[in-house]
Amino acid sequence: MAAVQDGQMELDAEKETKPEILSDGTSNLSGNTASGTLSSSPLTAAPAGGAPKMEDQQTLIAVLQFLKRNKLTDSVEILRREAGLGEDQEDSQATDGSGGGKGDVDGGDANSLLSRVSITSAAAPQSMCDSPLMFMLSAAGADDQPDVSVVLSAYSQQGDPSLYQVYYSGLKNFIESVLDCHRAELSQLFYPLFVHMYLELVYNNHENEAKAFFEKFSGDQECYYQDDLRVLCGLTKKEHLKGNEVLLDFRTSRFVLRISRDSYQLLKRHLQERHNNQIWNIIQEHLYIDIFDGMPRSKSQIDSMSGSLAGEGKREVNKAKVFHGLLKEPEIEVPLDDEDDEAENEEGKPKKKKTKKDSLGSKSKKQDPNAPQQNRIPLPELKDSDKLDKIMYMKESTKRIRLGPENLPSICFYTFLNAYQGLTAVDFTDDSSLLAGGFADSTVRVWSVTPKKLRKVKSAADLNMIDKESDDVLERIMDEKTASESKILYGHSGPVYGVSFSPDRNYLLSSSEDGTVRLWSLLTFTCLVGYKGHNYPVWDTQFSPFGYYFVSGGHDRVARLWATDHYQPLRIFAGHLADVTCTRFHPNSNYVATGSTDRTIRLWDVLNGNCVRIFTGHKGPIHSLAFSPNGKFLASGSTDGRVLLWDIGHGLMIGELKGHTDTIYSLKFSRDGEILASGSMDNTVRLWNSMKAFDEVETDDFTATTGHIHLPDNSQELLLGTYHSKSTPVTHLHFTRRNLLLAAGAYNSQ
Amino acid sequence: GAHAKMASPKTVPKDAQVMMQILKDMGITEYEPRVINQMLEFTYRYITTIIEDAKIYSTHAKKSTVDADDIRLAIQCRVDQSFISPPPRDFLLDIARQKNQTPLPLIKPYTGPRLPPDRYCLTAPNYRLKSLQKKVSSSAGRITVPRLSVGAVSSRPSTPTLGTPSVQTVGTKVGTPVSLTGQRFTVQIPSSQAASVKSATPTTPTVQNVLINPSLIGSKNILITTNMVSQNSSGDSTSLKRKHEDEDDYDAL
């Protein structure tokens with residue numbers, strides 16, 4: 001049985017005690033004899049009586065061990081009895097099993113733990129002795145049983161390879177003949193089936209059949225899968241698969257499809273009518289069909305959600321509660337002495353020295369139900385310097401320009417000249433006083449945006465001599481001799497792909513292709529720590545909005561949460577199928593969003609490392625993420641040139657902004673969230689009316705369990721302006737505290 | 001340089017044409033012309049390495065010719081060495097589960113800069129000078145302040161030039177914000193017996209007897225040139241090593 005939700009009822013009670021990863025196929029072997037046979041299952045139990053074949057025996061042994069380990073003694077007895085396995089056989093087989101490959105495996109790859117399948121060269125289609133073994137590596141438990149997982153993980157031979165084309169064509173004909181409303185949904189099957197069948201052929205060394213299969217059917221696939229297909233096209237032998245982690249993960253994880261109940265029934269009936277239900281087996285093995293009750297989806301709805309390497313997210317994945325509200329700001333006394341407000345002084349107004357308590361706008365004393373508790377995750381306490389910063393922040397925010405469709409921000413573009421296409425990362429401090437650039441020559445350069453120059457702290461000998469009680473001690477500790485407009489930080493040994501300032505402007509993080517993340521001090525402009533953990537290029541890093549924590553994501557397909565005072569990561573966010581290219585903290589620092597090359601965005605909970613949201617819909621690797629300032633929404637941009645808007649609370653896509661023609665590398669919301677700015681490789685900055693996009697969402701009813709919404713095609717209305725640079729791709733965007741938009745990029749003279 | 005126009009197919013050797021076709025098949029339409037050369041060089045080196053390894057394996061197995069099994073074995077062994085791929089997903093999920101079970105540590109208040117323990121930081125001085133020995137002969141006239149110069153091994157701009165440590169209490173010129181306590185460096189003055197100079201021509205008129213603690217070197221590619229001078233220091237010659245920290249991944253693909 002495919003692991004579909006309505007299939008649960010048909011399983012016998014015994015299976016429920018097993019961990020969920022145990023597939024229905026294997027449980028059939030053990031439990032089948034005890035309970036009634038499953039009517040729809042095409043499996044037969046292990047052949048009664050006659051000695052099972054070599055590979056079946058391996059399988060049975062492995063299953064036996066698995067059952068033993070999980071203390072399912074009755075099943076063990078039954079299986080042993082039925083399969084005619086002796087105690088000793090099992091042990092010897094176990095040692096064999098974990099040893100070298102089987103004799104009849106082509107090629108004799110001795111150390112391949114994965115190649116446990118025998119290739120039967122029978123021309124006639126096999127009977128169902130080769131039971132389809134489903135395998136899920138992702139859930140807990142099976143990892144400590146290499147022999148079981150070895151056997152179970154193989155692609156078992158589903159019938160005659162030369163007939164694969166026939167199977168696929170058969171399915172294709174069927175799907176084309178169903179009603180329109182079902183056709184779109186069932187067409188989702190094509191891509192995963194195609195890839196899995198192709199990989200199976202390659203894995204079992206049927207190279208010619210694989211090539212023919214590919215040629216015949218690759219053109220039918222959706223256009224947004226073309227990149228994947230190109231990669232597949234180059235894989236014609238099993239050895240090619242070994243180095244490709246992404247495809248290995250694809251093989252072992254299950255592609256999720258969401259199909260309405262009606263369409264599913266249709267499919268099931270069709271595939272079970274025929275005697276030759278190879279496709280059914282493959283579906284059971286590699287696909288996870290998430291059934292929902294309701295109207296079948298239209299093609300456009302499906303297209304908007306599909307595109308990821310693992311299918312869509314299962315419904316229950318996006319149902320976890322996410323605390324997307326903001327943390328309460330601490331109450332700080334704001335002295336209203338107008339030293340900094342020169343305009344008013346000029347008018348000669350009397351200065352009123354009145355202190356006022358300003359709680360940064362949150363007037364209500366009640367806890368926002370959507371906000372996390374203050375102490376949900378430990379956060380650093382506010383130091384005096386932080387309080388001063390906050391006061392500055394509040395003062396600046398009073399001067400903030402309110403943006404809107406009639407009031408667009410001015411854009412100030414910082415162009416890096418003579419960077420020779422080497423600019424790979426940019427960041428601004430929150431108060432826009434410093435700018436950092438990461439370069440392909442492994443340097444990090446820091447510039448001062450304001451006229452105030454960058455200075456280093458004095459040496460210890462000199463520091464001894466200054467007056468520590470003076471008011472301007474923070475100025476005196478700086479060494480004037482080292483003043484310069486920019487400083488260069490050396491240390492990395494590979495291009496620097498991510499830079500991030502700390503909120504208190506004392507530290508700078510940089511992540512590089514050399515696998516390390518470095519923490520630099522902006523007081524001495526030297527490197528303080530190198531965090532080693534990813535051993536592969538680290539594509540992005542970001543400080544938490546409160547400092548102390550930072551997140552990094554890289555080629556090893558995980559994102560890591562670090563604290564500056566721990567040399568090892570505190571959390572590892574694993575789950576993506578391909579590189580993590582973009583990592584962003586939620587404004588309340590309790591969640592981390594990661595965008596990946598597998599075209600999904602995942603939202604992770606910092607507290608326990610769980611993935612609480614999976615957003616699919618992009619058709620290309622995701623390169624930019626931005627949280628809205630109120631924490632409720634997420635915007636993402638990818639190589640397909642679209643910006644997608646997501647509602648975090650409900651876990652749904654709420655908007656699609658089309659317009660860019662090339663990869664979007666930068667996204668930023670304005671300070672109050674009314675405008676979303678996006679910068680792209682097509683040398684433009686576009687401004688979108690995010691307020692309108694989100695308002696339309698508020699009124700919609702999200703109670704539909706299917707979560708399918710019709711995305712209005714209103715990109716044109718939401719686009720407020722397109723601003724071209726001469727020939728400079730936009731690498732970074734930043735709204736100053738007063739809502740001036742700063743953009744940065746390297747001039748590209750071609 | 002940008003993507004120049006491609007060489008016309010007629011004049012391009014066959015191997016290069018194969019490379020161009022590969023790029024086209026993988027959907028890459030714009031590339032610098034030297035990419036072809038790089039691909040050819042890589043291919044040549046990879047193939048010859050594999051074949052050489054395979055020859056070794058086949059002679060080890062006492063076969064007369066190299067056959068497919070040898071090549072396969074050679075490829076497998078090289079894959080593990082050179083093309084290391086990231087860990088598999090189940091392993092990552094496993095360690096993630098372990099790591100994520102420990103609760104987040106509480107943050108101690110008022111602790112100043114929050115950095116890992118010193119041995120995990122790059123803030124320690126990455127050299128120290130040997131202590132002054134009393135055997136310095138007084139016939140030496142001048143006492144020169146030794147200079148420590150640090151030069152880069154390769155063209156990577158990764159080494160700052162360290163300042164000159166003077167003999168009094170210093171430690172700060174090396175730019176270490178944390179270890180601001182005075183470090184006293186005493187320096188061994190080279191003896192003036194030039195006859196016993198064993199070293200090769202010194203490249204720089206500097207540096208005697210510098211001990212370097214390589215584990216503290218943050219930036220790579222530091223080459224310290226040292227002079228071994230006189231029998232005073234002969235006992236130290238073994239401790240002097242040419243410490244260069246370039247990693248051997250320059251030979252990487």
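1. Let's start with a working definition: here, contact means heavy atoms within 4.5 Å. In this predicted model, the contact between the two chains takes 64 residues from chain A and 48 residues from chain B.

2. How much area is buried between chain B and chain A? The figure is about 4,800 Å², and carbon and sulfur atoms give 60% of that. On the chain B side, the residues that lose the most area to chain A are B:R89, B:L104 and B:R114, which together make up 16% of what that side buries.

3. Which helix gives the most to the side of chain B that touches chain A? That is α4(B), with nine residues. Both α3 (68–81) and α4 (89–101) of chain B supply at least two residues each to this side. Sorted by class, the chain B side has 27 nonpolar, eleven charged and ten polar residues.

4. Now to chain A. Residues 531–562 of chain A are 59% strand and 0% helix, with end C-alpha atoms 9 Å apart. For residues 615–648 of chain A, the values are 59% strand and 0% helix, and the end C-alpha atoms lie 9 Å apart.

Conventions. Residues are numbered from 1 along each chain as its sequence is written. Chains are lettered from A and ligands numbered from 1 in the order in which they are written. This is a predicted model: local features need pLDDT of at least 70, side-chain atom pairs count only at pLDDT 80 or more; totals for chains, interfaces and linings use all residues. Side-chain values use heavy atoms; hydrogens and water are left out. Helices (H or I, at least four residues) and strands (E, at least two) are DSSP runs, numbered from the N terminus. Buried area is the accessible area (1.4 Å probe) that two parts lose on being put together, summed over both. Ala, Val, Leu, Ile, Met, Phe, Trp, Tyr, Cys and Pro count as nonpolar, Asp, Glu, Lys and Arg as charged, and the others, Gly among them, as polar.
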